Amino acid sequence: MNNLIEYENLSKLNNPFFQEYKLKLEQFLEKGWFVLGDEVKTFENQFAKYCGSKHCVGVANGLDGLVLALRSLNLPEESQVIVPSNTYIASILAIFQAGLKPILVEPDIATYNIDPILIEGKITPKTKAIMVVHLYGKVCDMAPILEIAKRYNLHIIEDCAQSHGATYKGQKSGTFGDISAFSFYPTKNLGALGDAGSVNTNIDDLATKVRSLRNYGSSKKYFNDYIGYNSRLDEIQALFLNIKLKSLDEINLHKRKLASIYLENLNDAYIKPVVNKDYYDVYHIFNIRYSHRDKLKEYLNENDIRTEIHYPVAPIHQKATKGLFLNEKTPIAEEIHATTLSLPISFFHTEEDVYKVVEIMNKFVTTIN
Ligand SMILES: *Cc1c(COP(=O)(O)O)cnc(C)c1O
């Protein structure tokens with residue numbers, strides 16, 4: 001047990017912040033303002049500043065953020081939204097929930113992000129937007145995507161649930177498109193102690209609309225302009241996020257340090273994430289690909305190393321989407337789903353932990369070959 005290397009441990013991850021949490025919680029209880037108060041306002045200002053967005057609107061979670069972002073664009077019903085075929089299901093759920101139709105585009109097998117070359121072939125007169133997903137903490141190849149969006153007059157929505165602080169050519173994720181959504185689910189690089197999310201944008205009208213949509217479609221109490229939601233960022237989660245945001249860069253740096261140990265030391269039999277000078281990756285997930293993935297996972301488990309698979313089942317093979325993607329084939333997504341393995345890379349892991357994982361993994365390669 002004492003040698004166990006967990007995949008994640010939310011208590012350990014948050015331990016460095018406990019003291020400040022407790023101090024602020026006491027004040028929070030005494031103040032008695034629990035919905036849309038100063039903590040939410042402060043977080044919206046600070047996180048907008050951190051990202052370099054003009055606006056940040058706190059919402060209840062990342063999925064809602066995506067739905068509200070899509071709804072703010074006011075697209076005609078049944079409009080098509082391009083989305084990567086290997087994304088986490090939430091990106092696709094958001095498109096359905098907004099009354100729109102997801103159109104899958106395969107990822108680049110090297111970056112795991114949407115392949116810009118394949119986008120144009122999927123554009124139809126009904127296509128109105130591209131939802132890019134900066135998966136695992138790497139920003140998508142935005143230059144060609146922005147060029148296509150401009151040429152076809154498409155909106156860009158960014159799913160930034162895994163890319164807090166990641167950059168592409170010096171620019172932070174969440175600032176490339178019309179509008180973006182972040183998740184602060186506890187395991188994300190910036191994680192709350194429960195559900196939380198935000199919508200960021202530089203466009204005033206979209207920010208105003210999302211602000212209203214999250215609050216029953218109302219901007220003036222008891223007057224409703226839209227069929228809205230109750231999807232506000234909780235005051236108490238904003239309190240935790242305000243404390244943690246100050247350390248987001250440090251969290252990202254720590255994960256990058258651990259990633260560099262994997263990158264430099266893992267046997268080349270494992271397909272490792274690509275590194276490119278244009279990208280500042282924040283490794284929400286550090287994945288490798290390996291043909292004997294399941295055997296490797298089992299071996300690591302036997303050696304007290306816990307891993308995860310992001311994600312075991314492709315969106316088109318989920319029960320929920322049965323019949324919705326008829327005749328779709330996504331072999332690249334499936335290759336990733338079949339071979340990917342996520343290694344421990346949390347804020348609480350030490351460099352020694354990672355060297356241990358590397359040692360066991362490199363030993364496994366020599367036994368199997
Ligand atoms: C986590 C995640 C979401 C959903 O965020 P929640 O806050 O859990 O609703 C959406 N997209 C991606 C890519 C995610 O990783």
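A cavity, on a 1 Å grid over the protein atoms alone, is a set of points where a 1.4 Å probe fits but cannot get out. Grid points are joined across faces, edges and corners, and a volume is the space filled by probe spheres set on the points. The whole structure, searched in this way, has two cavities of 30 Å³ or more. This is a predicted model, in which local features need pLDDT of at least 70 and side-chain atom pairs count only at pLDDT 80 or more, while totals for chains, interfaces and linings use all residues. Residues are numbered from 1 along each chain as its sequence is written, and side-chain values use heavy atoms, with hydrogens and water left out.

Lining residues have an atom within 4 Å of a point. For the largest cavity they include Tyr-112, Tyr-136, Lys-138, Asp-281 and Tyr-283. By class, this lining has eight nonpolar, two polar and two charged residues. Ala, Val, Leu, Ile, Met, Phe, Trp, Tyr, Cys and Pro count as nonpolar, Asp, Glu, Lys and Arg as charged, and the others, Gly among them, as polar.

The largest pocket holds about 580 Å³ of space. A pocket is an open set of points with protein on both sides within 12 Å along at least five of seven lines. Of the 31 residues that line the largest pocket, Tyr-88, Tyr-185, Thr-187, Lys-188 and His-284 are the closest to its centre. Helix 5 gives the largest share of the lining, four residues, and helix 4 also supplies at least two. Helices (H or I, at least four residues) and strands (E, at least two) are DSSP runs, numbered from the N terminus. The lining of the pocket has 15 nonpolar, 10 polar and six charged residues.

Lys-188 lies in the loop between strand 8 and strand 9. Is Lys-188 buried or exposed? Its relative accessibility is 13%, so Lys-188 counts as buried; buried means under 20% relative accessible area, exposed over 50%, and partly exposed in between (1.4 Å probe, protein chains only). Not counting residues up to four places away in sequence, Lys-188 touches Ala-161, His-164, Ser-183 and His-284, where contact means heavy atoms within 4.5 Å. Ser-346 is 158 residues from Lys-188 along the chain, and their C-alpha atoms are separated by 9.6 Å.

Ser-346 is also in contact with Glu-8, as are Leu-13, Thr-187 and Phe-348, leaving aside neighbours of Glu-8 within four places in sequence. Glu-8 is found in the segment before helix 1 (10–14) and counts as partly exposed because its relative accessibility is 24%. From Glu-8 to Leu-100 the separation is 92 residues in sequence and 35 Å in space, C-alpha to C-alpha.

Leu-100 belongs to the largest nonpolar core, which has 28 residues. A nonpolar core is a set of buried Ala, Val, Leu, Ile, Met, Phe, Trp, Tyr and Cys residues joined through side-chain atoms within 4.5 Å. Among the elements that each supply at least two residues of this core are strand 1 (55–59), helix 4 (62–72), helix 5 (89–97), strand 8 (179–183) and helix 7 (204–213). Helix 4 gives the largest share, five residues. In soluble globular proteins, nonpolar side chains tend to be buried together.

Ile-157 is one of the residues with the most contacts inside the core. Leaving aside its neighbours within four places in sequence, the residues in contact with Ile-157 include Leu-66, Leu-70, Met-131 and Ile-179. Apart from this core lies another, of 26 residues, among them Phe-286, Tyr-290, Ile-305 and Phe-364.

In helix 7, Leu-206, Ala-207, Lys-209, Val-210, Ser-212 and Leu-213 are buried. These residues pack against strand 1, helix 4, strand 8, strand 9 (197–201) and strand 10 (218–220).

Some backbone details remain. Just after helix 2, Gly-32 takes a positive phi of about 75°. Leu-36, in the loop between helix 2 and helix 3 (38–51), has a positive phi of about 45° although it is not a glycine. Asn-327, in the loop between helix 10 and helix 11, has a positive phi of about 65°; Asn-327 counts as exposed because its relative accessibility is 77%. Tyr-311 is found in the loop between helix 10 (293–302) and helix 11 (331–339), and the peptide bond from His-310 to Tyr-311 is cis, with omega near 10°.
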